[in-house]
Amino acid sequence: MDEWSIAPLAGDEELDRVVALEAASFSNPWTREMLARELERPEVTRVFVLRAPGLGIVGFCACWLVADEVHINSLAIDASVRRRGAATALLRRVLGDLAAAGARQATLEVRRSNVAALGLYQRLGFVIVAERRAYYTQPEEDALILWCHDLRRTDAASPSP
């Protein structure tokens, strides 16, 4: 979909939608209180929302920018628009904006069984560097740790086609 709109989170109404997407997407979601507390640290925390015409907010990415590193904490896309380029567009925008702000590398954890997310991250230049045993709960599962070590030389921060 060429009509995605991506911007930083603005206001409580948008936060409520992010919380709903988080809850619908993950078995152990961040709570509204956790996300609100993170937003009290704008020097570190960034939350971007993705909108689709007529649908409103259909995705979000919450991350930290610490020194020259991005840590992606959560990325969720509404089931109604998955497999249509939403996550790719959102992640490229997030990483592009943060690279422009000085980020040189990015990291994240993903459930070993989340094949779709793993494919997305690898297409954008992330590589598996380690695993964390039993990192996730409900159900218990290992996490794969991925890094993109140079945002300037990968497809991660490139504009969407």
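How do the residues of the lining of the largest cavity divide into nonpolar, polar and charged? They divide into six nonpolar, two polar and one charged. Here Ala, Val, Leu, Ile, Met, Phe, Trp, Tyr, Cys and Pro count as nonpolar, Asp, Glu, Lys and Arg as charged, and the others, Gly among them, as polar.

## Basis of the model

This is a predicted model, in which local features need pLDDT of at least 70 and side-chain atom pairs count only at pLDDT 80 or more, while totals for chains, interfaces and linings use all residues. Residues are numbered from 1 along each chain as its sequence is written, and side-chain values use heavy atoms, with hydrogens and water left out.

Helices (H or I, at least four residues) and strands (E, at least two) are DSSP runs, numbered from the N terminus.

## The cavity

A cavity is a set of points on a 1 Å grid over the protein atoms alone, where a 1.4 Å probe fits but cannot get out. A lining residue has an atom within 4 Å of a point. Grid points are joined across faces, edges and corners, and a volume is the space filled by probe spheres set on the points.

By this rule there is one cavity of 30 Å³ or more. The largest cavity holds about 30 Å³ of space. Its lining consists of Trp30, Leu35, Glu38, Thr45, Val47, Ala62, Cys63, Trp64 and Asn73. H2, E2 and E3 each supply at least two of the lining residues. E3 has the largest share, with three.

## The largest pocket

A pocket is an open set of grid points with protein on both sides within 12 Å along at least five of seven lines. The largest pocket has a volume of about 1,100 Å³. Its lining has 35 residues. Phe26, Leu75, Asn114, Ala117 and Tyr121 lie nearest the centre.

E4 gives the most, with seven residues. By type, the lining of the largest pocket divides into 18 nonpolar, ten polar and seven charged residues.

## Helix H1

H1 has 14 residues. From its first C-alpha to its last it reaches 20 Å, close to the 20 Å expected at 1.5 Å a residue. The expected span is 1.5 Å times one less than the number of residues.

The buried residues of H1 are Glu14, Leu15, Val18, Val19, Leu21 and Glu22. They lie on the same side of H1, because they cover an arc of only 165° around the axis. The arc is that of the directions from the helix axis to the C-beta atoms. Buried means under 20% relative accessible area, exposed over 50%, and partly exposed in between (1.4 Å probe, protein chains only). The face turned away from the buried side carries the exposed residues Asp12, Glu13 and Ala24. The cover over the buried residues of H1 includes strand E1 (5-8), helix H2 (32-39), strand E2 (45-52), strand E3 (56-66) and E4. Contact here means heavy atoms within 4.5 Å.

## Helix H4

In H4, the buried residues are Ala117, Leu118, Gly119, Leu120 and Tyr121. These pack against E4, H3, E5, E6 and E7. Ala117 and Tyr121 are also among the residues nearest the centre of the largest pocket. Just after H4, Gly125 takes a positive phi of about 100°.

## Backbone details in the loops

The loop between E6 and E7 contains Gln138. Gln138 has a positive phi of about 55°, although it is not a glycine. With a relative accessible area of 52%, Gln138 is exposed. The peptide bond from Gln138 to Pro139 is cis, with omega near 0°. Pro139 lies in the loop between E6 and strand E7 (141-148).

Arg83 sits in the loop between E4 and H3. Its phi is near 70°, a positive value in a residue other than glycine. Arg83 counts as exposed, at 78% relative accessibility.

## Distances across the fold

Thr31 is in the loop between H1 and H2. It is partly exposed, with a relative accessible area of 33%. Thr31 and Val129 are 98 residues apart in sequence and 29 Å apart in space, C-alpha to C-alpha.

Glu33 belongs to helix H2. Glu33 is exposed, at 54% relative accessible area.
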